[in-house]
Amino acid sequence: MLDPRELYELTADAASVPEGLHLVAGITGFADAGSAVSQFTSHLDEILDAVPVAVFDADILLDYRARRPIITFDEDHISDYEPARLTLSLAHDELARPFLLLTGFEPDFQWERFASAVEQLIERFAVASATWVHAIPMPVPHTRPISVTVSGTRTDLAESMSVWRPRTQAPSTALHLVEYRLQQREFPVVGFVLLVPHYLADTEYPAAAITALESVSAATGLIFPTDALREANREFLGRIDEQVAENGELTKLVDSLEQRHDSYMEGTTLRSPLTDVDGELPSADEIAAELEKFLALRRGRDDETPFSR
């Protein structure tokens, strides 16, 4: 393997990073149901005064043809170019407590080298723990709180928060590999998978970002303001509820998901809301049928709605 140190460059502010901080990560790439991670990182970018301490080399890690940078064309010339960034920054929570924040694009190339680079940075800054979030679509209703699946070495959080504990195989992300490498070292690491309603997976669902922030707080003790997101979520849910109320098929879908959820959440916070009355997960065909029904309804609507964003 080529030297992982050559994947990133430390900034002058790296020398001022205190030891023993929590590392929080959210990178956009393969799966981001409800735009949970993109909203999570955008919200933190807006409310935090983060200072980069390590900047990764996009020319090595990014496939520009798959994720092209944005330009601004101003009448007859290009006035701006926005390169993709993957950055480790020093930030402070609402109580002015410092932590490290890894955000940006998910590497397209050299995952093993990237994981080793993250491990190097964790050692360089004597990081106390690592916490990351991502989100996947699931057959759950928007009328119930978003649940999470917890992975990593924090058994306390898995016991208290993890609703769905499958034994399964799934496509990975680069941070899965980082978690796996840290887990092998018995380093304190936790990953939160947000289970987002499948029919809202293509929207910007503010509740997903709120759950991401709350999950990070549960793991680290860091505190983040969420008032703006909560107000946006109230408005978003109001529009969704109006659409559901106007459509009998959507009402049946949500009712069915609510019944399944409530039946298997009764009496415990750890039982999966995804199973049927026999304790079985819905099949891929059943989920596909629900999605196909929903998509057919969406195609029949001419006006733009939150579902069709």
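## Strands and how they pair

Two strands count as paired here if DSSP finds at least two bridges between them. Helices (H or I, at least four residues) and strands (E, at least two) are DSSP runs, numbered from the N terminus. This is a predicted model, so local features need pLDDT of at least 70 and side-chain atom pairs count only at pLDDT 80 or more, while totals for chains, interfaces and linings use all residues. Residues are numbered from 1 along each chain as its sequence is written, and side-chain values use heavy atoms, with hydrogens and water left out.

Let's start with strand 2 (residues 22-28). On one side of the bookkeeping, strand 2 pairs with strand 8 (residues 129-138) in the parallel sense over 4 bridges, and V24 stands opposite T131 in strand 8. Strand 2 also runs parallel to strand 7 (residues 98-105), with 6 bridges joining them; there, A25 stands opposite L102. Antiparallel pairing turns up too: strand 1 (residues 8-10) is joined to strand 3 (residues 51-56) by 3 bridges, with L10 opposite A54. Strand 3 then pairs with strand 6 (residues 86-92), again antiparallel, over 4 bridges, and V51 has L90 as its bridge partner.

## The chain as a whole

The protein chain has 9 helices and 10 strands. Of its 309 residues, 46% count as buried, where buried means under 20% relative accessible area, exposed over 50%, and partly exposed in between (1.4 Å probe, protein chains only). The accessible surface of the chain comes to about 15600 Å², and 50% of that belongs to carbon and sulfur atoms; these areas come from the Shrake-Rupley method with a 1.4 Å probe, and for residues only the protein chains shown count as cover.

Now for contacts, meaning heavy atoms within 4.5 Å. Among contacts in the protein chain with a separation of 6 or more, 79% are between residues 24 or more positions apart.

Strand 2 is mostly covered, with 5 of its 7 residues buried. Helix 5 has its own buried set: A174, L175, L177, V178, E179 and L182. The buried residues of helix 5 pack against strand 2, strand 7, helix 3 (111-124), strand 8, strand 9 (147-152) and strand 10 (189-197). Just after helix 5, E186 takes a positive phi of about 60°.

T173 is found in the loop between helix 4 (155-161) and helix 5 (174-184). T173 counts as buried because its relative accessibility is 8%. Leaving aside residues up to four places away in sequence, T173 touches E106, W111, W132 and H134.

## Enclosed space

Rolling a probe the size of a water molecule over the atoms shows where empty space is left. On a 1 Å grid over the protein atoms alone, a cavity is a set of points where a 1.4 Å probe fits but cannot get out, and a pocket is an open set with protein on both sides within 12 Å along at least five of seven lines; lining residues have an atom within 4 Å of a point. Grid points are joined across faces, edges and corners, and a volume is the space filled by probe spheres set on the points.

By this rule there are 4 cavities of 30 Å³ or more, and the largest cavity holds about 80 Å³ of space. Its lining includes L23, A25, L102, T131 and W132. Strand 2, strand 8 and helix 5 are the elements that give two or more residues to that lining, and helix 5 provides the largest share, 4 residues. By class, the lining has 10 nonpolar, 1 polar and 1 charged residues; Ala, Val, Leu, Ile, Met, Phe, Trp, Tyr, Cys and Pro count as nonpolar, Asp, Glu, Lys and Arg as charged, and the others, Gly among them, as polar.

The largest pocket has a volume of about 880 Å³. It is lined by 28 residues, with P166, T168, A170, H176 and V193 closest to its centre. Strand 8 gives the largest share of this lining, 5 residues, and the lining divides into 14 nonpolar, 11 polar and 3 charged residues.

The second largest pocket holds about 680 Å³ of space. Of its 26 lining residues, T41, R85, T103, G104 and F105 lie nearest its centre. Helix 1 (36-47) is among the elements that supply at least two residues, and helix 1 gives the most, with 5.
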